[in-house]
Amino acid sequence: MNIVTVVNSQYMPFAEIFFKSLVKLSDYKRINKVYIIDTGLGKPDVKLLSSICDKIVLCDTKTFLPFADMHTADWRKIVSMKLSSVSRLTKIMDNIFPLCIIDIDSYFNSNFIDVVDIKSDVSVCKRDQPTVNQDNYVLTHIGSFFSVNTAKALRFLDRWMKEMEALEGDHIETPALCNVLRVPEKQGGLNIQHIDQNIISAINYTDECRIFHLKSDGPGSGSTISYRINKLNNHVNVDTI
């Protein structure tokens with residue numbers, strides 16, 4: 001199992017939680033590499049993260065956007081780089097599958113690898129109930145966690161990226177994912193696992209969740225980084241992670 005995530009300097013508070021909680025899992029022994037798509041890390045940031053996790057591989061995207069406020073054009077640029085960077089990574093690295101793509105604003109509550117069916121081509125997170133976002137897109141799934149388990153899944157990534165190009169709005173990654181999953185013809189005959197979001201990328205903390213997603217509440221919500229970390233602090237003492 002390999003992991004990939006996107007990090008910049010602004011999100012270092014999330015990154016510390018991500019990596020400190022990850023290395024405490026017994027699952028950590030089953031992880032080969034953790035690839036960081038670098039969208040603006042300083043040398044002290046890299047040094048700190050490498051001191052926490054000894055499996056980090058830095059992927060320099062040559063894009064420096066450390067202070068992109070959420071839901072701004074720069075923030076959307078960082079988000080859009082995730083899929084294209086993952087696609088490039090899978091084409092230049094050997095033995096990279098299965099590859100879990102996990103948003104950096106995540107806390108590992110317990111082991112999660114056993115939840116991912118690596119016999120499927122793709123694993124995605126399904127919401128309990130569909131919701132409609134501010135741009136009127138129906139969201140049945142969430143893009144904060146997904147896993148490409150076989151080389152065939154690269155076709156899925158290509159369709160997902162093409163769907164993103166066709167959409168308009170503040171945030172198009174998850175709507176594009178949902179559009180692809182809604183139309184069987186766009187799935188290319190792949191075997192797709194639908195994982196309960198409350199287990200693998202929960203936005204409401206429970207003891208049963210494997211990964212807790214410190215998700216923003218959306219544009220204009222005042223969801224600062226400290227606000228989102230405090231959501232976790234209500235359940236877990238962040239200072240002891």
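P98 is in the loop between α3, residues 73–92, and β4, residues 99–102. The bond joining F97 to P98 is a cis peptide bond, with omega at about -5°. This is a predicted model, so please take that angle as computed.

The loop between α3 and β4 also holds N95. N95 is not a glycine, yet its phi is positive, about 55°. As background, most residues other than glycine have a negative phi, and most peptide bonds are trans. N95 is exposed, with a relative accessible area of 72%.

There is another asparagine to list, N136, in the loop between β6, residues 122–132, and β7, residues 138–148. Phi of N136 is positive too, near 70°. With a relative accessible area of 64%, N136 counts as exposed, because the cut-off is over 50%.

The largest nonpolar core has 47 residues, and F19, L22, F112 and F145 have the most contacts inside it. Which helix gives the most to this core? Helix α1, residues 12–23, with 7 residues. Take F19: leaving aside neighbours within four places in sequence, F19 is in contact with T5, V34, I36, L49, I52, C53, I56 and I104.

Last, helix α4, residues 154–166. At 1.5 Å a residue, its 13 residues should span 18 Å, and the end C-alpha atoms are 19 Å apart, which agrees. The buried residues of α4 are L154, F156, L157, W160, M161, E163 and M164. On spacing, an α-helix has 3.6 residues a turn, so residues three or four places apart point the same way.

Terms used:
Residues are numbered from 1 along each chain as its sequence is written. This is a predicted model: local features need pLDDT of at least 70, side-chain atom pairs count only at pLDDT 80 or more; totals for chains, interfaces and linings use all residues. Side-chain values use heavy atoms; hydrogens and water are left out. A nonpolar core is a set of buried Ala, Val, Leu, Ile, Met, Phe, Trp, Tyr and Cys residues joined through side-chain atoms within 4.5 Å. Buried means under 20% relative accessible area, exposed over 50%, partly exposed in between (1.4 Å probe, protein chains only). Helices (H or I, at least four residues) and strands (E, at least two) are DSSP runs, numbered from the N terminus. Contact means heavy atoms within 4.5 Å. The expected span of a helix is 1.5 Å times one less than its number of residues.
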